[in-house]
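Me: I would like a close look at one helix and its contacts. Please keep it brisk.

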Amino acid sequence: WHAGHGATNQNSVGIEHGGYIANNDTQTACYDASSVETKSCITYYGVPYSRSNIIGHSEVPGCSSGNGGGLNCHTDPGPYWNWTYYMQKCN
């Protein structure tokens, strides 16, 4: 139950990253390794390449059981996550 939201959990792959949301401490190697996995999922599962399909914990809809996804439940990957770089690597 990685994402914390039933429908999202049943239709997603979760990739865990190290680091802290309050710091800009995500290493390039983390972005690069994660993007390889994401690109593999895009290809294998036929996921459309878009930010509406490649999301962070904080973008998971709803809070199931009070601790699911969504803005009020998860704050990661945080304001320092470089979505532009990450999405370029995933394409």
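What is the relative accessibility of Asp 32?

Reply: Asp 32 counts as partly exposed, at 25% relative accessibility (buried is under 20%, exposed over 50%, partly exposed in between; 1.4 Å probe, protein chains only). The model is predicted: local features need pLDDT of at least 70, side-chain atom pairs count only at pLDDT 80 or more, and totals for chains, interfaces and linings use all residues. Residues are numbered from 1 along each chain as its sequence is written, and side-chain values use heavy atoms, leaving out hydrogens and water.

Asp 32 meets Lys 89 in a salt bridge, 3.7 Å from N to O (a side-chain nitrogen of Lys or Arg within 4 Å of a carboxyl oxygen of Asp or Glu). Lys 89 lies in helix α3 (residues 83-90) and Asp 32 in helix α2, so the pair ties together parts 57 residues apart in sequence. Helices are DSSP runs of H or I with at least four residues, numbered from the N terminus. Lys 89 is partly exposed too, at 35%.

Helix α2 covers residues 28-45, Tyr 45 included. Tyr 44 also sits in helix α2. Tyr 44 is exposed, because its relative accessibility is 66%. Tyr 45 is exposed at 53%. The C-alpha atoms of Tyr 45 and Ser 12 are 9.9 Å apart, across 33 residues of chain.

Key. Helices (H or I, at least four residues) and strands (E, at least two) are DSSP runs, numbered from the N terminus.
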